[in-house]
Amino acid sequence: MSDQIPRTMRAAAVKDFNKGYDVRDVDVPADLGPNDVLVKIAAAGYCHTDLQVMQGVYASAGAKPGLVGSHEPAGEVVKAGSDAGKFGIHVGDRVGSINTYGFCGDCNACKKQGQQLCENLVGMLGLTINGGFSQYMKADARVVSRIPDSIPFDEAAPLFCAGATVYGAILASGAKPGEWLAIVGIGGLGHLGVQYAKARGCKVIAIDNRREGIDTAQAVPLHLKPDKTFLVDSQEAGQHAIEELQSSFYDTNPGVDRVVINAEARELVKFSQQNLRKGGTLVDVGLPSNTTLEVDPFALSFKEQTVRGRLICTPEQCQDMINLHAKNGCKTHIERTYGVEQINDMYDHYQRKDLRGRLCMVF
C-alpha cells in the first residue's frame, strides 16, 4: 500500500496563538522508526486541550505556531515500522492513538505509573508534535488501540482523549460496582464517563450547569442512562443539589462514594467535596489554565477525603476502554463534523456555550 501514499497532504496548523489555523500542504511523514506506524486519518476530534494549545497554554512545553493539532486521531494503518507487528499492529488495521509518542519504557514513571507519564517522552501528539488534523499522521505502534468495526471513525476519534481521560479518572477514583459516582461536567468527557461508569456497574449522578449537558447524558441507550441528574444553573440549584446528595444513599456516612470532575471552574472541587462522604475520592481532570482549584481543607481532613488528578489512562487501559465502549453499545455524541478546510469554523463552534458532546474533523 506504500506506493499509494502521496508525498504531500493537507493539514491544519496553528497560525499563531489566538490567531486561528492555516490550512496548508505539508510533507507526509516519511521517517518511520521501528515502532512507528503511518495512519491515514479518517477522523480527528477537537478537544479543550486543542483550544488551550491555541491559547498558548502549552508554549512552555513546546507547542508553537505551525503545529498540526488534534490528539484524538483515528484511521487506518497504511505503513508500519519493522517492529510494529510485535505489538499486534499491521497495515490495514483500524486504529487510534492517545497523545503519547516515543516513551522510553525504562524510567520509573513508565514502569510504575504508565507510559503516558514517561520522563523521557519524545512528544505529545497535537500538543508538542504534529497530530491528527492532517490526512496522514505518524503514531507509536506501542500505544495505539485497535478500533472494532462497530465504532464509526468519527465516533471513535474522541475516545483517544475524551474517552481515555474520563475512563482513567473513573479507574483512579476506585469506583466499584454498586457505588455512587458523581460525574460533574457533561461535555465531551462527561457524557462518555456516565456511560462507562454505568457499564462498569456503578450508580451514576450526572451534574452540569447547562441543560445541554443533562440532555446529552440522557441521549444514550437506556442501560447507560444516569440514575440521577442535577441541573445546577443557579446558586439555589447548587445548594439544593448539595443538600440532597450529602444526605442520601446510606443510613450512616451518607453522600456519594466517588466524584469525577470534567469541567474547569475552580470552585467545583469544593462544591463536590460537600457531596462526598467520609473516606471518598474525588478525581479532577478539568484543568483550568489561568487559576488554581478551590479545595475545602476541613472536608479534606475531617472527612479524610482524597483529591487527586489523572492525565489519561495507560495504553493497555485505553484498549480496555475501546472494547468496553463497543461491547456495551456506548455512543459518542458528535454534534457536527467538519472538513480540514473548515478548521476555523470548528474552532469557533467549539467555543459556543451550547455545545453538546464533541466536534470532529473528517477526511
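Predicted model: local features only at pLDDT ≥ 70, side-chain atom pairs only at ≥ 80, totals over all residues.
Local features are reported only at pLDDT of at least 70 and side-chain atom pairs only at pLDDT 80 or more, whereas totals for chains, interfaces and linings use all residues. Residues are numbered from 1 along each chain as its sequence is written, and side-chain values rest on heavy atoms, with hydrogens and water left out.

Helices and strands are DSSP runs numbered from the N terminus (H or I, at least four residues, for helices; E, at least two, for strands). Helix H10 comprises 13 residues, 315–327, and extends 19 Å from its first C-alpha to its last, close to the 18 Å expected at 1.5 Å a residue; the expected span is 1.5 Å times one less than the number of residues. Its buried residues are Pro315, Cys318, Gln319, Met321, Ile322, Leu324 and His325. Here buried denotes under 20% relative accessible area, exposed over 50%, and partly exposed the range in between, with a 1.4 Å probe and protein chains only. An α-helix has 3.6 residues a turn, so residues three or four places apart point the same way. The cover over the buried residues of H10 includes strand E9 (144–146), helix H4 (162–173) and helix H5 (190–199). H10 is followed by Gly329, which has a positive phi near 65 degrees.

The largest nonpolar core contains 49 residues, and those with the most contacts inside it are Leu159, Tyr196 and Met321. Such a core is a set of buried Ala, Val, Leu, Ile, Met, Phe, Trp, Tyr and Cys residues joined through side-chain atoms within 4.5 Å. At least two residues of this core come from each of helix H2 (108–112), H4, strand E10 (180–184), H5, strand E11 (203–208) and H10. H4 supplies the largest share, 7 residues. Apart from this core lies another, of 38 residues, including Ala13, Tyr58, Ile89 and Ala141. Contact is defined as heavy atoms within 4.5 Å. Not counting residues up to four places away in sequence, Tyr196 touches Leu159, Gly163, Val166, Tyr167, Ile170, Met321, Leu324, His325 and Cys330.

Two packed helices are described by the angle between their axes and the distance between the axes. Axes are lines fitted to C-alpha atoms, for helices over the stretch in contact, and angles run from 0 to 180 degrees between N-to-C directions. H4 and H10 pack at about 100 degrees, with their axes 10 Å apart. The two helices are therefore roughly perpendicular to each other; this class spans 65 to 115 degrees, with angles under 35 counted as roughly parallel, over 145 as roughly antiparallel and the rest as oblique. Gly163, Ala164, Tyr167 and Leu171 of H4 make the contact with Gln317, Cys318, Asp320 and Met321 of H10. By class, the residues of this contact are 5 nonpolar, 2 polar and 1 charged. Ala, Val, Leu, Ile, Met, Phe, Trp, Tyr, Cys and Pro count as nonpolar, Asp, Glu, Lys and Arg as charged, and the others, Gly among them, as polar.

The axes of helix H7 (residues 235–245) and H8 cross at roughly 35 degrees and come within 7 Å. Gly238, Ala241, Ile242 and Leu245 of H7 meet Phe271, Gln274 and Asn275 of H8. This contact has 4 nonpolar, 3 polar and no charged residues. H8 is mostly covered, with 6 of its 8 residues buried: Leu268, Val269, Phe271, Ser272, Gln273 and Asn275.

Asn275 lies in H8, which spans residues 268–275, and has a relative accessible area of 3%. Not counting residues up to four places away in sequence, Asn275 touches Ala241, Ile242, Leu245, Gln246, Gly255 and Val256. Ser272, with a relative accessible area of 1%, is also buried. Leaving aside its neighbours within four places in sequence, Ser272 is in contact with Val184, Val259, Ile261 and Leu282.

Lys198 of helix H5 is buried at 19% relative accessible area. Leaving aside neighbours within four places in sequence, Lys198 contacts Val204, His223, Leu224, Lys225 and Asp227.

Most residues other than glycine have a negative phi. Asn253, which is not a glycine, has a positive phi of about 50 degrees. Asn253 lies in the loop between H7 and strand E13 (256–261) and is partly exposed, at 28% relative accessible area. Leu287 likewise has a positive phi, near 50 degrees. Leu287 lies in the loop between strand E14 (276–284) and helix H9 (297–302) and is partly exposed, at 46% relative accessibility.
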